[in-house]
Amino acid sequence: MKKIQMVDLKGQFLGIKNQVNSSFEQILENTAFINGPEVHHFQSELEAYLGVKHVIPCANGTDALQIAMMGLGLKPGDEVITTDFTFAATVEVIALLNLTPVLVDVDAESFNINPKAIEAAITPKTKAIVPVHLFGQSADMNAILEIAEKYNLFVIEDNAQAIGANHYAKDGQVSKTGGIGHVGTTSFFPSKNLGCYGDGGALFTNDDQLAHRLRGIVNHGMYERYHHDVVGVNSRLDSLQAAVLRAKLPHLDEYNAARRAAAKKYSAALSQNKNLITPKIIESDDTHVFHQYTLRVMNGQRDALIKHLQAQDIPCGIYYPIPLHKQKAYLDDRYHEKDFAVTNQLVKEVIALPMHTELEDDQINYITQTINDFIK
Ligand SMILES: *Cc1c(COP(=O)(O)O)cnc(C)c1O
C-alpha cells in the first residue's frame with residue numbers, strides 16, 4: 001500500500017504534466033507573466049463552466065472576499081453575518097474593512113450556517129450575509145436568499161471549498177455554487193478542489209455594474225492606465241497559475257467525482273459504527289464535492305482516535321478546532337455561549353480523513369478498518 005497522504009497533488013500533476021510544462025515554457029518564452037492571454041482564456045472558460053456572466057480573477061481567496069465587500073460598497077459599522085465554523089479568512093476581511101462581523105451558529109448535520117440563526121441576528125445595521133459552502137456542500141441557499149430578499153441584504157458566497165458543487169433552486173433550476181448570491185468568491189490554493197501551484201482566487205457575479213467595479217478594484221481602481229477612479233488593491237492571478245488552472249478545469253468534474261466516490265466508500269464502511277456520525281448529504285449527491293470528509297466522533301473519543309491514527313501512519317485533521325467567536329481577535333461582548341451550542345460541540349467531535357483525487361481502495365480499507373477497530 002502506498003503511504004497515505006492527507007492531500008496528494010503529485011498524482012494529479014502527472015495526469016496534466018505535459019500540458020502544464022508546455023504552457024509554462026510558452027509563458028517563459030513570451031514573458032506575459034501578468035495579465036497574459038492565459039488569464040483571459042481561463043476567465044472565459046471558468047465563466048462557461050460555472051454558467052456565470054463574469055469571473056474576475058484575483059490573487060487569492062481572502063482578497064476575493066475583501067474585494068467583494070469593497071465592491072458592494074459596505075461601510076464601517078455595517079454588520080455582516082457569517083458562520084462561526086469556518087476558516088478565519090471569512091471573518092478576517094470583515095474586520096479588516098472595519099465592518100462589524102456577526103458570527104452565528106451552524107446546522108449540526110450540514111456544518112453550514114443556520115438560516116434561523118441568521119434571521120435572529122439581523123439588526124437595522126445588517127447589510128450582508130456571507131454563507132460558506134463548508135467542506136464542499138452547498139449551504140441552504142434557498143432559505144438564505146429568502147431572508148436576504150426579506151431584509152434587503154447582500155449575499156456573498158464563500159465558495160472556496162465547493163467549486164463545482166450544484167445547487168437546486170426552489171423551482172428546480174440547477175446552478176453552480178458561487179453564482180447564486182450577488183457575488184461569489186473562491187480560492188485556488190493548491191489543496192482546494194480546483195487548485196493552482198501557488199496562490200490564486202476569483203470572484204463571480206451576474207451583475208454587470210458590480211463586475212465593472214470589481215475589475216477596477218482588483219487593479220488599483222484603474223480603468224484607464226494611471227487614472228484611479230476608486231480606491232483599489234493590487235490583486236492579480238498570474239499567467240503561470242492560470243495555465244495550471246486551465247489544464248485542470250476540464251477535469252474538475254472528474255476530480256470531484258473521485259472525491260465523492262472516496263467519500264461513499266468511507267461512509268459505507270463507517271456509517272454502521274454507532275459512535276461515529278458520517279457526513280450527511282442534504283440534497284442530491286452533486287450538491288457535495290467533498291473538499292473535506294468530516295466525521296463526528298461520539299463519547300469524547302475524538303482526540304484518542306487522532307493519536308491512534310497518527311501512530312498507524314494515517315494523517316488526519318481538525319477543521320476547525322476553535323470556534324471563531326472564541327478566537328482572541330474576534331471576541332465580542334454581544335456573543336452568548338448558548339447561541340453557539342452546535343459549533344461548541346462540533347469542535348470537540350470533528351475529524352477530517354484523508355481526501356483527494358488519488359485515494360486507493362486498499363488505503364480507504366486500511367483507514368476505515370483502523371477506525372472501526374478502535375472506536376467500538
Ligand atoms: C481557503 C479558504 C479561504 C481563503 O483562501 P486563500 O486563497 O487561502 O486566501 C477563504 N475561505 C474559506 C472557506 C477557505 O477554505
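Analyst: Before we start, strands here are DSSP runs of E, at least two residues long, numbered from the N terminus. And keep in mind that this is a predicted model.

User: Is Leu103 buried or exposed?
Analyst: Leu103 touches Thr82, Thr83, Asp84, Val91, Leu324, His325, Tyr335 and Phe340, leaving aside residues up to four places away in sequence. Buried means under 20% relative accessible area. Leu103 has a relative accessible area of 3%, so it counts as buried.

User: How far apart in space are Leu103 and Ala117, C-alpha to C-alpha?
Analyst: Along the sequence, 14 residues separate Leu103 and Ala117. In space, their C-alpha distance is 9.3 Å.

User: Where does Ile180 sit, and what is its relative accessible area?
Analyst: Ile180 lies in the loop between β7 (174-176) and β8 (183-187). Beyond residues up to four places away in sequence, it touches Met141, Leu145, Glu157, His167 and Ser175. Its C-alpha is 8.8 Å from that of Asn206, 26 residues apart along the chain. Ile180 is buried, with a relative accessible area of 16%.

User: On to the three-stranded sheet: which are its edge strands?
Analyst: This one is open too, in the order β12-β13-β14, with antiparallel pairing. The strands that pair on one side only are β12 and β14.

User: How many residues of β13 are buried?
Analyst: On one face of β13, Tyr293, Leu295 and Val297 are buried, and on the other Thr294 and Arg296 are buried as well. The strand is therefore largely enclosed by the rest of the structure, its buried count being five of the five.

User: What is the bridge partner of Leu295 in β14?
Analyst: β13 pairs with β12 over two antiparallel bridges, with Ile277 partnered by Arg296. On the β14 side (residues 350-353), four bridges join the strands, again antiparallel. There, Leu295 is bridged to Ile351.

User: About what angle does helix α11 make with β14?
Analyst: Helix α11 (residues 341-349) packs on the three-stranded sheet, where it touches β13 and β14. Its direction relative to that of β14 is about 50 degrees.

User: Now helix pairs. What is the handedness of the crossing where α2 passes α8?
Analyst: Helices α2 (residues 37-50) and α8 (residues 239-248) pack at about 40 degrees, with axes 8 Å apart. They are therefore oblique to each other. The crossing of α2 past α8 is left-handed.

User: How many charged residues are in the contact of α2 with α8?
Analyst: From α2 come Glu38, Val39, His41, Phe42 and Glu45, and from α8 Ser239, Ala242, Ala243, Leu245 and Arg246. Five of the contact residues are nonpolar and two are polar, and the number of charged ones is three.

User: What about α10 and α12: how many nonpolar residues are in that contact?
Analyst: The axes of α10 (residues 302-311) and α12 (residues 361-374) come within 11 Å and cross at roughly 135 degrees, in a right-handed crossing. Ala304, Leu305, His308 and Leu309 of α10 meet Thr370, Ile371 and Phe374 of α12. Two of the contact residues are polar and none is charged, while the nonpolar ones number five.

How values were computed:
Residues numbered from 1 in each chain as written. Predicted model: local features only at pLDDT ≥ 70, side-chain atom pairs only at ≥ 80, totals over all residues. Heavy atoms only, no water. Axes fitted to C-alpha atoms, helices over the stretch in contact; angles between N-to-C directions. Left-handed = near helix turned anticlockwise from the far one by under 90°. Contact = heavy atoms within 4.5 Å. Nonpolar A, V, L, I, M, F, W, Y, C, P; charged D, E, K, R; others polar. Parallel < 35°, antiparallel > 145°, perpendicular 65-115°, else oblique. Buried < 20%, exposed > 50% of the residue type's maximum accessible area, 1.4 Å probe, protein only. Pairing = 2+ DSSP bridges.
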